[in-house]
Amino acid sequence: CGATVVTFSDLQKSPNNFDIDCCLFNAITLPPHSISLPVHVSQAIKRVAEGVPFLDLAWAHQSIIQRKRLNYDDPRYSVSNQISGKSDTVFAIRHKNDNARYEVGDLVQFSRGPKSTSHGRIAVILRSGRSCKLEIQLLDSDGGFDLVDCQSSAKIVVDEKSLQGNLVFLCSQDFHRLGYVPSDPTRSNIFNRVELPGDSSQQ
């Protein structure tokens, strides 16, 4: 995207030689995922001008994927409130069991009891003490490989411990070309995306 990367070491050596457009942080290393701000984060904040946006690394990832610089003021990627401790919502979490990262918008599989598994899209991540709760929009299932993606589907709130992994959505044409999907849908993380007529859910 034509960006020049300036590291914290660069700022320490020559703090006045750079015009910083934004600061990138790994959101899952910030509160509430840590008790306090990492030292390098605190020191970096002191070395940049007031008003410089603080963004999650996902902003850079998506800018590369979309081949354009995304807006600095996109609230999905801002970690300013995490740094200041003024928000109960976060954009991403790191799962304590498998160390996986989950973000708002991710398609996930999660448990709803000892023997019940459901699928959905993460809509909101809420801080709850030292852990997080997730508001998930359900993907309706027929018990097979078809999952209905509908904006009007019900939402439920679950604990982050319920997460069991990410899902892969494919359109019907691509899904039916696959030759390595398990015969048992309960053992698969690849599903056929079914969109209701007239619905404009995200891909």
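Predicted model: local features only at pLDDT ≥ 70, side-chain atom pairs only at ≥ 80, totals over all residues.
Local features need pLDDT of at least 70 and side-chain atom pairs pLDDT 80 or more, while totals for chains, interfaces and linings use all residues. Residues are numbered from 1 along each chain as its sequence is written, and side-chain values use heavy atoms, without hydrogens and water.

Start with the largest pocket. Its volume is about 910 Å³. A pocket is an open set of points on a 1 Å grid over the protein atoms alone, with protein on both sides within 12 Å along at least five of seven lines; lining residues have an atom within 4 Å of a point. Of the 28 lining residues, Thr-4, Val-5, Val-6, Cys-22 and Leu-24 are the closest to the centre. Helices H1 (8-13), H2 (39-46) and H3 (57-66) and strand E1 (23-25) each supply at least two residues of the lining. H3 gives the largest share, 4 residues. Helices (H or I, at least four residues) and strands (E, at least two) are DSSP runs, numbered from the N terminus.

Turn to an open sheet of 4 strands. Its order is E9-E10-E14-E13, with mixed pairing (at least two DSSP bridges between two strands). E9 (140-141) and E13 (168-170) are the edge strands; each has a single partner, so one side of each lacks a neighbour in the sheet. E10 (146-149) and E14 (190-195) run parallel, joined by 4 bridges. Asp-149 stands opposite Glu-195 in E14.

Finish at Ser-162, in the loop between strands E11 (155-159) and E12 (163-166). Beyond residues up to four places away in sequence, Ser-162 touches Gln-109, Phe-110 and Ser-111 (heavy atoms within 4.5 Å).

Terms used:
1 Å grid on protein atoms, 1.4 Å probe; cavity = no way out; pocket = protein on both sides within 12 Å on 5 of 7 lines; lining within 4 Å. Points joined across faces, edges and corners; volume = space filled by probe spheres on them.
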